[in-house]
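Reader: I would like to learn how to read the packing of helices. Could you take me through it step by step?

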Amino acid sequence: MDVRFVTEGKGDTIVVMASEGAVLAPHGVAVEAGTGGAIARAVAASRFTGAPGQVLEILAPNGLEAARLLVIGVGSIEKVDPLVVERWAGAAVRRVLTSGSQTLVLMPDLFPGVPIAESAARAAAGARLAAYRFDEYRTKLKPEQRPSLTDVQVVVEAPAAAIARYETLSAVVESVLFARDLVNEPPNVLYPEEYANRIKELEELGLEVEVLNEEALEELGMGSLLGVGYGSVRETHLVAIKWNGARNKSAQPLALVGKGVTFDTGGISLKPGAAMDEMKGDMGGSALVVASLRALAVRKARANVVGVVGLVENMPDGAAMRPGDILKSMSGQTIEVLNTDAEGRLVLADAVWFAQERYNPNAVIDFATLTGAIITALGHEHAGLFSNDDDLAHALTLAGRDEGEPMWSLPIGPAYDKMIDTPNADMKNIAGKPAAGSIIGAQFIQRFIKPGVPWAHVDIAGVAWKPGPYEDPLSPSWATGWGVRMVNRLVAMRYEE
């Protein structure tokens, strides 16, 4: 789908804005004048109020060449922000994507909190996010099921400023779509080696990519990561991705670490069969990290950032790790495995240690679809945030709020930490009682963070994918691509020169 900025638009569907009380924005007023009052009559005949995302559709509007006119609400003018504009455009795209309409003309207006160039750029970003589909393996789509929309025109009086703003947004938007593709891929296609190959291809963007195979991992002593993959015929990999965009190339980088379990059966502690297919998305944390590095490289961020992802498949066979096994991690600490389905923390244990040993980062943030308990606590609306540093936690929270990717802080502390002590090793990978499951996962990972290193753990099990129906027009698929925008905002406001 082509997205363009124009001073005058021409297409078969026109979209204008209306605020609370069905009050038309300036572009809408101008369009209404050409229709002889068609919008006012349609409003009177409907229950349209201008609420955010509410759509009023007028077919064959009088006085217009367009076949369809959409009036979409943005709610209270005082509350309109860039995300509201994105969802306005997204609602338009979702409405007409397969309708037969080929050209969509978006007519965004300025608001007190959104300058016109920003409004136009955000409209384009929203349209691109909303148009996402994962049809790679659908071979029998009927013509009416296929997207008809090929052209989106964003009307703005001075396109140059909007184009400049969209160039930065586009790097992030395309990386969100990249993350969605990774998470949506079936596990027989995206297994550790293939995943590593796809990451290696990102070197063409200027990233430095190092792929470590099992032999290299054994030499480094990564028994925790390797233990997860013992039962799989697929070889385990660890991939390190480096972006050196700061003027001082030797300055300490920010380290992003991601869990990349390309399929998780639970191992010997086998998961129930219902919804096990969703465990293809258990690499969502790694997808977030990889896509974030991609975005930073495309927009040439002036920061040093490294990404480390452990790629592994957790399968049950005769070689699989067993409950009761004791693994030795790269840090030298030993882990008693009481449940092989608590494998993500085993992956992260070696990955976060490697990131600290190799790169001496100024902070470590890990992302993982770690626990079902976080969904019990927060549903599919917030990620869980755990940190040993209040400033880092606050920055993450602000970045998530600004990008519509909210997080909720949860506690860690000595009382929880004692729950993973065991007489048989340095620690066990689960607590003895089914309580505070997400906190216990965070406490485990913290044992592999060196003293004085600011660290945050973000449990994205509830937000990396969402069950349908997909009500957010900006996230129209099972895989969400959550977190890429938040990381980009965090780097821009905290780590970039």
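Reader: How do α3 and α4 lie to each other, parallel or oblique?

Author: Start with the angle classes: under 35 degrees is roughly parallel, over 145 roughly antiparallel, 65 to 115 roughly perpendicular, and the rest oblique. Axes are lines fitted to C-alpha atoms, for helices over the stretch in contact, and angles run from 0 to 180 degrees between N-to-C directions. Here α3 and α4 pack at about 45°, with axes 7 Å apart. The pair is therefore oblique. Helices themselves are DSSP runs (H or I, at least four residues), as strands are (E, at least two), numbered from the N terminus. This is a predicted model, where local features need pLDDT of at least 70, side-chain atom pairs count only at pLDDT 80 or more, and totals for chains, interfaces and linings use all residues. Residues are numbered from 1 along each chain as its sequence is written, and side-chain values use heavy atoms, with hydrogens and water left out.

Reader: In which hand does α3 pass α4?

Author: A crossing is left-handed if the near helix is turned anticlockwise from the far one by less than a right angle, and right-handed if clockwise. α3 passes α4 in a right-handed crossing.

Reader: Which residues of α3 and α4 meet?

Author: Contact means heavy atoms within 4.5 Å. From α3 come Pro82, Leu83, Val85, Glu86, Trp88, Ala89, Gly90, Val93 and Arg94. They meet Glu118, Ser119, Arg122, Ala123, Ala125, Gly126, Ala127, Leu129 and Ala130 of α4. By class, the contact of α3 with α4 has eleven nonpolar, three polar and four charged residues. Ala, Val, Leu, Ile, Met, Phe, Trp, Tyr, Cys and Pro count as nonpolar; Asp, Glu, Lys and Arg as charged; the others, Gly among them, as polar.

Reader: How many residues of α3 are buried?

Author: Buried means under 20% relative accessible area, exposed over 50%, partly exposed in between (1.4 Å probe, protein chains only). Eleven of the 15 residues of α3 are buried, so α3 is largely enclosed by the rest of the structure. Among them are Trp88, Gly90 and Val96. The buried residues of α3 pack against β2, β5, β6, α4, α12 and α15. For α4, 13 of the 15 residues are buried, so α4 too is largely enclosed by the rest of the structure.

Reader: At what angle do α4 and α5 cross?

Author: The axes of α4 (residues 116-130) and α5 (residues 159-184) come within 9 Å and cross at roughly 25°. α4 and α5 are therefore roughly parallel to each other. The residues of their contact divide into 13 nonpolar, no polar and six charged. α4 passes α5 in a right-handed crossing.

Reader: At what angle do α5 and α15 pack?

Author: Their angle is about 140°, with axes 9 Å apart. That makes α5 oblique to α15. The crossing of α5 and α15 is right-handed. Val172, Ser175, Val176 and Ala179 in α5 meet Val484, Arg485 and Asn488 in α15.
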